[in-house]
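Please read the following note alongside the model.

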Amino acid sequence: MEAVWVDMKHTELPSWVTDVPYNWGTAVRGKLSTNNWRVICTVHLPITLIRLWGGDDAPEDWKRKLENFMDLVCAVQIANLRSISKNDIELYERHIHHYLTGFKTLYKLAKVKPRGFGPAHTHGVAFYEQYIHSMQGENHNMRLGL
């Protein structure tokens, strides 16, 4: 993570990309938003992992793990588009299939369970994040002072 933090300090993000706290992943920082995780996984991690795992001197298993992760990044980027074409759907399916196939090969002991998809863009993830954040500050156990 320290390598990612160093690279983050040298990375200039476009104005429309929300910056991420440099101390993410520490107990001091606490929880991150969904958008923070999206920026970390689709911008900052690829920059650092390509530098560390993509070189000629990197072990082959690191290169395979990098390729697998980048398939996931591509699929996430396509899934987050506001509008998509048939070509985007085919590209998404190709990346997610390649990711899942590679994941099962690389991480033989890991179990993958399908989950439901989150809310559509029309429902606005930001609204749900604000709602969840407000609920975390509420007392739900009917005990005073807890």
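Predicted model: local features only at pLDDT ≥ 70, side-chain atom pairs only at ≥ 80, totals over all residues.

1. Residues are numbered from 1 along each chain as its sequence is written, and side-chain values use heavy atoms, with hydrogens and water left out.

2. The chain has five helices and zero strands, so that reading from the N terminus gives the order α-α-α-α-α, where helices (H or I, at least four residues) and strands (E, at least two) are DSSP runs numbered from the N terminus. Of the 146 residues in the chain, 21% are buried. Taking a contact to mean heavy atoms within 4.5 Å, residues 24 or more positions apart supply 46% of the contacts in the chain with a separation of 6 or more.

3. In soluble globular proteins, nonpolar side chains tend to be buried together.

4. Which residues does Val20 touch, not counting residues up to four places away in sequence? They are Met8, Asn36, Val39, Ile40 and His44. His44 itself lies in helix α2 and counts as buried because its relative accessible area is 2%. With the same exclusion of residues up to four places away in sequence, His44 touches Val4, Met8, Thr11, Leu13, Val20 and Val39.

5. Two salt bridges are counted, each requiring a side-chain nitrogen of Lys or Arg within 4 Å of a carboxyl oxygen of Asp or Glu. In one of them Arg51 pairs with Asp7, with the closest N and O atoms 3.1 Å apart. This pair links distant parts of the chain, since Arg51 is in helix α2 and Asp7 in helix α1, 44 residues apart. Asp7 is buried at 13% relative accessibility, while Arg51 is partly exposed at 47%.

6. Glu60 and Lys63 also form a salt bridge, in which the closest N and O atoms are 3.7 Å apart. Because these residues are three apart in helix α3, about one helical turn separates Glu60 from Lys63. Lys63 counts as partly exposed, with 24% relative accessibility.

7. A search of the whole structure returns four aromatic pairs. Rings of Phe, Tyr and Trp (its six-membered ring) pair if their centres lie within 6.5 Å, and planes under 30 degrees apart count as stacked, over 60 as edge-to-face and the rest as tilted. Trp53 and Trp62 form a tilted pair, with 5.9 Å centre to centre and 40° between the planes. Trp53 is partly exposed at 22% relative accessibility, and Trp62 is partly exposed at 36%. Phe103 and Tyr107 have ring centres 5.0 Å apart and planes at 40°, which is why this pair, too, is tilted. Tyr107 is partly exposed, with a relative accessible area of 31%, and ring pairs link Tyr99, Phe103 and Tyr107 into a cluster.

8. Leu106 lies in helix α4 and is partly exposed, with a relative accessible area of 23%. The C-alpha atoms of Leu106 and Lys65 are separated by 7.3 Å, although these residues are 41 apart along the chain. Not counting residues up to four places away in sequence, Leu106 touches Arg64, Lys65 and Asn68.

9. Ile84 is found in the loop between α3 (60-79) and α4 (86-106), and counts as partly exposed because its relative accessibility is 49%.

Conventions
Buried < 20%, exposed > 50% of the residue type's maximum accessible area, 1.4 Å probe, protein only.
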